Amino acid sequence: MLKRRKFNEGITAGLFLAPSAVGFALFFFIPFLIGCYYSLMDSPVDGSFVGLRNYNDLLHNEVFRRAAWNTFRFTAISVPLNMLLSLGLAMMLNRSVYLRSLFRISFLFPLVIPVASVVLIWQIVFELNGSLNGLMQSWGMSPRDWMESHNSLAVVIIVYLWKNIGYNMVLFLAGLQNIPVDYYEAASIDGAGKFRQWRSITLVYLTPTTFFVFIISIINSFKVFRETYMIAGEYPHEDIYMMQHYMNNMFKSLDYQKLTSAAFLMALAITLLVFVLFLVERRITNSISG
Amino acid sequence: MKKNMLSLTVVLIVMLLSACSGGGTNTEPNTGPNTGPNTGPITLTLAVTRTEGFFEELKQKFEASHPGVTVNIKEYVTSTVDKSASGFLQQYQRDMEKFVSTVTTEMASGHGPDLLVTNNLPYKKYADKHMLADINKLMSDDTSFDSSKYFTNVFDTMKYKGGLYAIPTSVQFTNLWLGDSTLLGGAKIDDNTWSWQDFADLAKPLVPQGGTALGGLPTDQLLLTMLNPGIEQFVDMENKKASFDSPEFKNLLTLAKTMIDEGIVSGSFEDMIAAGKGRGTGLFEAGGFRYVDEFVIGPIERFNGNATVYRAPSTTPNQGYSFRSNLTLSINDKSKNKEMAWEFLKFALSEEIQVEREGKSGMRGMPVNKDAFHQLLDKLKAPDAFGESRTIQIDEGKELTVPPVTQVQLDNIESYMTGIRSVDETDDKIFNLIQTESEPFFSGQKSVEDVAKSIQNKVETYLNE
Amino acid sequence: MASEGAKSFIRFRVRPLIAGMSARMRKTLLVAVLAGLAVLFVFPIALTLTQSLMSENEITMNLAPVSAEGSSRSLDPRADSDYVRLKWIPDRVTLSQFYYVLVKQPQFLFMFWNSVILTVPIIAGQIVVSALAGYAFSQLRFRMREPLFFIYIVTMLMPFQVTLVPNFIIADRLGLLNSYLAIIFPGIFGAFGVFLLRQFMTYIPYAYVEAARIDGCNQLQIFLRIVMPLCKPGIAALAMLLFIDNWNMVEQPLIFLQDATKQPLSVYLSVIGEGERGIAFAACSIYMMPMILMMLYAENHLVEGIQLSGIKG
């Protein structure tokens, strides 16, 4: 009986998966492999095979290393921060609070703003002659150049948080709402206090969502590149020169093989991280849906 | 609920249909069928940012003399929104962004155009990746091409690693100045070796009241003018090193600021536009020379006929004259129609095309074709060169007469052409970085140390990527 | 050690304080905190909207300190006077910017419509395709399940520059260049939707599915009748997020769409300069409208989702 079910499920699964898998392979996976191929060449057109030389060169390249470190540092700070804050917000907004809908929408607003607006406003606030400096001056502090100093990292983190907390909040909210109310009821009947409930039910059942949010936050931390690029150009302050800048510049100067090699190294690092999380998540998920 | 679903589906279908139909209509062949050079119809694609009268003219004339060949001018614009002057710069930026990204992608995927306008493209990088044809080789292989008919010294300035991958077809002088002989009096200027400091010292006492030592040059362009040509002193491309944190550069920066603060050089871009032509209030006229008649008219317009041409000061002596190319062309090495593309390029260099400098369909700048150049010079000698009465209008309604042009004058003009030894660096990246980073210094908000350091950081990042 | 201190702080100081408050006070505190944050978040949008109601002159005057490269700035030595002071209320409310955008330059509307043509099919398509795939990944068991899913994730993490040239080549081979489909297709088959919906579907207690199967439903029926309705919050979230992502895309249209007339509004808004700021604010306000509407609409569904998930099978 069990064996037959497994086999049948394979075919059914195939049918369900077909549209997505075919499209995905054609538009994502195959290009990914082609990119891989390019990273082993020395020129995108009529190149010759050079094996791992590109990777070797990259790892010894100072600029690449700096970009990698900056990216790592940025992500390591902003992603956990984002998740904590957005989870907190989601929990606060999960109960019935006065004007709840209004609040929920307002936190989502940053997502809605087009890049151009963000850039305009960023300029207005953070530039050398911007209003933040003006404010500081009137409080007696000396103005600084926000984008061209070691403060630039802080600015980018703030913008990232501002933009993405809403994003994660939506996901956490949906995840929270998916936890059936009866679990809580059953738990309180059993005599569990609020904190205990939070720990054993909420956190645990939120795990798939958390995993998801984590990955998405990482992806979004890359997206902040677009705004940073528009404000600070292709060569921003050394603290915020990240992998995306490096890759973008490589693309523009037609150094395609450096681009793909860099992307693959980055993918490798992320893959390892995701793999670990994946295993953890799978273990917990299996215990839920049994 | 059901009704909503239905209307939603209808809307979706409409959209998919409009999306599909949008795609069908625009399948133009990128390159013609791969038949031999002279058999069957051939389509040449020329990639430009925005098409203009000149390209149309070139296309028509070429197609007329080469039946069976269609020239396809492919432009890369992002929108058709018409703007005022201030919006123009941003539109230009957008278009340039699109041009560079798209052409880069096309070239990298092996689908590039046959010919491209490379004024703003990183042609050296393309050359490194073997994407551009070596024009020198095409020239030497083509027995009908006589290189003595061209100012090959101009071509040579753009050689890269022994090959010519982008060819300038039109010249605009950038480091030639017109000096007011009256004001300068008998001042001795050795324009082959003078430095910017020499210039500042000389100009300070002589600047006219309320005027500037460098007419036609807005203050925000000063630093760049001082660095280009001659940027090699601070940037070593081969070894990927920059020396912007050196005392020499800092001195240059400080000098530039001093010149502005002390009023030796003044005037913004808007001021220039407002002043228009006419009696210059400048000690030197630094706008450069774009057309041959400017050598004749310039002195009269601005200095009552009493002017001398000088080479601009430079950071390294004996630089020779420098220019900017108004139209740089390259050929895609992977083009299926390389021979025809070369024919097209030759056509753009021919006397017939190079001599046209007027109006919308003419080229800008000065010819690299010797015959065309001489033709233009001879035209200056003609008695009716400046209209029947040989007068030119100045804005205040005044008119001045142009005295007959002497052979000596013409020889001088030609000597500038043959004296070209370098080309202005077109790699915008470094200059853009310098320009942006130095702004806070000029407005007094940052120190020269900070600015030099940040320029050094960024340029080194750029070089070492 | 620090967390110990924090914990005890919370336990012995903050907790009693909050517990001491009446339920009402607690609620008010919460509202206050949230309100403060909300204002901070909304401020840029409010700024955009108010600025769009100003005339061009006002904006230029207001923003003079941060505008203009070089010329006028480099001439006067920086004193301490010139900083931007944010003006919230326009001296004179004017709709001239909107007038300019909507009436005098109809190209904006075309670009707006282009954005719609690109975004809507992607959302609809991805929801359908991803729901199917998500179901397979979460509820069905087959051998390649985990590795395949893993591949999805990893590929999704690639920045677009990497796949750009290969995508271009493929689009060319399929004859899709300069067609909206060159962007729509990759959009539909993106991994994001699969990822999201798979997570949501994992929540569905197997008991429901088991019950349905015992009742004799086949996979398709289970999918349509049970799983999909339970996923409403997830689908709502997906639609919202997809809309935002795709409404804002810039690089792909630049490269895949040759014609200037096909460019979406996001491309135009990616480079705004001085002199256009007033128009930019107005255009941005208009640009934001669909997203705001979408958000309001989807928010309702989120609420609906809560009610549904509470109902027993």
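Start with R145(C) and E146(C): their side chains meet in a salt bridge, 3.1 Å from N to O. By salt bridge I mean a side-chain nitrogen of Lys or Arg within 4 Å of a carboxyl oxygen of Asp or Glu. R145(C) and E146(C) are both buried. The cut-offs: buried is under 20% relative accessible area, exposed is over 50%, partly exposed is in between, with a 1.4 Å probe and protein chains only.

Some ground rules. This is a predicted model, where local features need pLDDT of at least 70, side-chain atom pairs count only at pLDDT 80 or more, and totals for chains, interfaces and linings use all residues. Residues are numbered from 1 along each chain as its sequence is written, chains are lettered from A and ligands numbered from 1 in the order written, and side-chain values use heavy atoms, without hydrogens or water.

Back to the bridges. Over all chains, the count is 16. Take K346(B) and D142(B), at 2.6 Å, N to O. K346(B) sits in helix α13 (residues 338–349) of chain B and D142(B) in the loop between α5 (135–141) and α6, so the pair ties together parts 204 residues apart in sequence. Helices here are DSSP runs of H or I, at least four residues; strands are runs of E, at least two; numbering goes from the N terminus. K346(B) is buried at 15% relative accessibility. D142(B) is buried too, at 14%.

Next, K338(B) and D333(B). Their closest N and O atoms are 2.7 Å apart. K338(B) is partly exposed at 24%, and D333(B) is partly exposed at 26%.

Now the surface. Patch residues have over 30% relative accessible area and no salt bridge; like charges are joined within 9 Å, nonpolar side chains (Val, Leu, Ile, Met, Phe, Trp, Tyr) within 5 Å. Which residues make the nonpolar patch? I77(A), L81(A), L84(A) and L85(A), with about 350 Å² of accessible area together. L85(A) belongs to helix α3 (residues 62–94) of chain A and is partly exposed at 42%.

There is also a positive patch: R95(A), K194(A), R26(C) and K27(C). Lys and Arg count as positive, with the charge placed at NZ of Lys and CZ of Arg. R26(C) lies in helix α2 (residues 23–52) of chain C. Its relative accessible area is 39%, partly exposed.

Last, the folds. Chain A has 13 helices and zero strands. Of its 290 residues, 57% count as buried. In chain C, helix α13 (residues 232–247) has 14 of its 16 residues buried.

Methods
Accessible areas come from the Shrake-Rupley method with a 1.4 Å probe; for residues, only the protein chains shown count as cover.
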